[in-house]
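Reader: I'm new to this one. Could you walk me through a few of its parts?

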Amino acid sequence: MSSPQPGSEFWRATGAIKDDLENHTKRRYEVTNRFVTYQDLVKILQKEGRIHKVLYTDCLTTEDLHNIQHNFIVILTTLVSIGATHCLANFRSLFLTGSITDKDLPLEREQIETFLPGHSELVDQFESHQCDFCPTVISCTRLLHCVPSKSRLPFEKKPEKLGIGGFGEVDLVTITPGYWEFDRDCTNSSAYKVACKKFSSDSKEAFLKEYKNLTILKESLTTQSHILQHYTAVDHDPHSYYILFPYAEHGDLYQFLHGGAGSYELHNQFPRLPVEGDPAIFKPLLHQCWALACAIEWLHDYIQVDGEHIMCAHLDLKPDNILIRNDASSVVGKWMISDFGISVLEPQKLDSSRPLSVRGCYREPTIEVNPHGGRGTYRPPEAINRIGSRAMTNKIGRRSDIWAYGCIFTEVLAWAIGRREGVEYLAQERQIGITNDFFWDEHFGQSLSPQATGFKVRDSVVRWLDHIQTSPEKVVGEWVKTIKDILIIDKESRPKAQKLVTYVTSVYKPGDVPRDPDSQPIGSPSIKQSIQ
């Protein structure tokens, strides 16, 4: 059959299709990220009888059109985009009666060669261009998506950086409509924003560690609403690895405590905040602190997976890892614990030899692992690691989370009293004449030896607490007393998570701390329980 003549309907239709594809391509100037959605492909091909015009050699029936629109629209679009006129002229025999459909995309080179034999240049173009028209659908119901390296992810805009962690960066990504499955029967009808933790190709081990930890938390029979659970994970080997989370609209607690930290204006993000000096701020802050204490208790004692009780030591609690989501009932938002990349999860069985953790090993019904590196402000005394000193590195575990919580609880009180300036003043006091920002110091006692003999809460912290304890606001005095009960140097004497919850609850009389019916940890739930 002769080739279509210049200026014919065929060439006008293919030209119009290519123009429309260009106009509907998202991230068009990023070769490895650009894509056109399936919905747009259908609209483009259905216009002005274009399918009939590009397949002019076939007399298409209504059934044929329906078949093409549902099973071959991507293949047809790819052939038009690369100018494979021979395939278009023989489309019925090559595809409508063949075995390859859109569901098989992206096709391997050997498959492409079956309908483009002897045309290596067109095979190269098809292999590349097909990926522009079949971005991956991401489903919340799947734990892990293994996406072929040449496939596109449905991020319709260039990611917006939210932060950088030890193993990867966190971006705000926008999922294009129709490519985010909430469940099998429901996809997003509009652009959907999620937080995306991205791991580079050489951080696969870190990705797998955090993914495994998060999966254990997600599969627990009990739940905790102040733990930020992930949606799903994506292995896009060899490019990058991703873990997708709900987007925290109000950033993190570090930003909150520092007046937005340059990322936002505090009263724009939290317009209902009481003015500085108004004691009405104490109750919402204490409620979120109480909720975090309950979340820590859940991590430490109430995770259940496959009939086993699981212990979790977070090991990296700090304001940066406490995210703030929108909550109409709270003037300070909803605070949620995140980032379980270095956390340790282990079964509560004396005879267990199979740790579920990604670090450390199981010895007894507690968690003891070597300290990790990282920012030191919230590190407990037992995490000291001085090379060339007699001081021995101690083990860290769940009680280390309690210390970190006590430090954070102190900073929240500093903010309640003096907002950002209060937090910064406390930090400055901790660092006078000292090179670190810990809440503790080494103690040298009366010995003439230059080596430390123990530890103590930093003098500047104690002075600050003693000073504000004289506040006429009764709640401040109770708050300070609770901090002193938490910041215990000896980790064995430090309160456990259950006691921590009791301490924080006691800062206000129990009736002032809202409790939902499903808000308390349940020791042995037989069904899915919710812990608020």
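Predicted model: local features only at pLDDT ≥ 70, side-chain atom pairs only at ≥ 80, totals over all residues.

Reader: At what angle do α14 and α15 pack?
Author: Two packed helices are described by the angle between their axes and the distance between the axes. Here α14 covers residues 398-431 and α15 covers residues 459-468. Their axes are 11 Å apart, and the angle is about 145 degrees.

Reader: Is the crossing of α14 and α15 right-handed or left-handed?
Author: On the α14 side, the contact includes Leu 413, Ile 417 and Tyr 425. On the α15 side, Val 461, Trp 464 and Leu 465 are among the residues taking part. The contact residues divide into nine nonpolar, two polar and two charged. As for the crossing of these helices, it is right-handed.

Reader: Which strands stand at the edges of the open sheet?
Author: The sheet has three strands in the order β11-β12-β15, with antiparallel pairing. Each edge strand has a single partner, so one side of each is left without a neighbour in the sheet. The edge strands are β11 (303-305) and β15 (344-347).

Reader: Which helix lies across β11 and β12?
Author: Neighbouring strands of the sheet are turned by 35 degrees against each other on average, direction ignored. The helix in question covers residues 282-301 and runs at about 125 degrees to β12. The helix is α13.

Definitions and conventions: Residues numbered from 1 in each chain as written. Heavy atoms only, no water. Axes fitted to C-alpha atoms, helices over the stretch in contact; angles between N-to-C directions. Helix = DSSP H or I, 4+ residues; strand = E, 2+ residues; numbered from the N terminus. Left-handed = near helix turned anticlockwise from the far one by under 90°. Contact = heavy atoms within 4.5 Å. Nonpolar A, V, L, I, M, F, W, Y, C, P; charged D, E, K, R; others polar. Pairing = 2+ DSSP bridges.
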